[in-house]
Amino acid sequence: MNQVAIVDPGVANLAFCYGMILLVVGLARLGGAGREKDLLWASVRMIVQLTAVGFLLRLIFAVRSPLATILILLLMGTFALQVMGGRVKSKVPGFYRIVGISLLFGCGAVTVYFCVLVVGASPWYSPRYLIPLASMILGNSMNGASLAVERYLSEVLERRDEIETALCLGASSATAGSTALRKAFRAALIPTTNTMAAAGLVTLPGMMTGQILSGTDPLIAVKYQVAIMCAIVAGVALTAFLALVQCRKVCFTSFHQLRDNLFRRL
């Protein structure tokens, strides 16, 4: 298949695109949603952030340094923690440590496995492969871990009497809190499961769409999309599971008791 050159949309065309945001703002005002300022601020922030990232990635691609690539990934992880901290209202003690460790090992392991063994990036730190792929895995894993932690805490709080009764009857903390953990883990997997189920029939995922627009054979684009979806699901599952295991250790003492101070924080 002939390669198709990607046309630069230019500032004028982007201005026309931004007109759609203004249309949404107008509809929000007309409908009384009261989110006009939030929409405008989010759109401006998006433009500034993406432009800054574009210049930064251009520099990183030119330098091709493993240290620079790792620093970018750590910076992305730090911002992910901040976003998660803003989303999750009820936080367990050591929330940032729990989520940080989960993202580091969950996303890190899946990203390295995918880039080295599946994509075969050479060198392994090639920013053109590592950064975009890691960002997709990280973004989805961040959402999954947020859902898992928040759902687990709400389940433990809602089932407090049931859990304490089970503990009094001799059950371990793992057994008493198994229902909460199972439901939280299931909730974390729902978004990615729905995305997989809709892929192809309802939506053409972003990576596949980008490759098709660049002139790649659709069947090759499909193979890459299947591969990255598998990596995303694995990253979400591993990150959420690690976060839930750590949350369970925080919620229960070594003597298999619920921590009283936990509920005073929630």
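This is a predicted model: local features need pLDDT of at least 70, side-chain atom pairs count only at pLDDT 80 or more; totals for chains, interfaces and linings use all residues.
View 1. Helices α2 (36-63), α3 (66-87) and α5 (127-158) each bring at least two residues to the lining of the largest pocket, and α2 gives the most, with ten. Helices here are DSSP runs (H or I, at least four residues), numbered from the N terminus. The volume of this pocket is about 1000 Å³, taken as the space filled by probe spheres set on grid points joined across faces, edges and corners. Among its 23 lining residues, Gln49, Leu50, Val53, Met76 and Ser135 are the closest to the centre. A pocket is an open set of points on a 1 Å grid over the protein atoms alone where a 1.4 Å probe fits, with protein on both sides within 12 Å along at least five of seven lines; lining residues have an atom within 4 Å of a point.

**View 2. The aromatic pair of phenylalanine 95 and tyrosine 96.** Their ring centres lie 5.3 Å apart with planes at 80 degrees, so the pair is edge-to-face (centres within 6.5 Å, planes over 60 degrees apart). Phenylalanine 95 is buried at 3% relative accessible area, while tyrosine 96 is partly exposed at 44%; buried means under 20%, exposed over 50% and partly exposed in between, with a 1.4 Å probe and protein chains only.

**View 3. The aromatic pair of phenylalanine 185 and phenylalanine 241.** This edge-to-face pair has 6.1 Å between centres and 75 degrees between planes. It links helix α8 (residues 178-198) with helix α10 (residues 218-251), the two residues being 56 apart.

Residues are numbered from 1 along each chain as its sequence is written. Local features need pLDDT of at least 70, side-chain atom pairs count only at pLDDT 80 or more, totals for chains, interfaces and linings use all residues, and side-chain values use heavy atoms, without hydrogens and water.

Definitions and conventions: Rings of Phe, Tyr and Trp (its six-membered ring) pair if their centres lie within 6.5 Å; planes under 30 degrees apart count as stacked, over 60 as edge-to-face and the rest as tilted.
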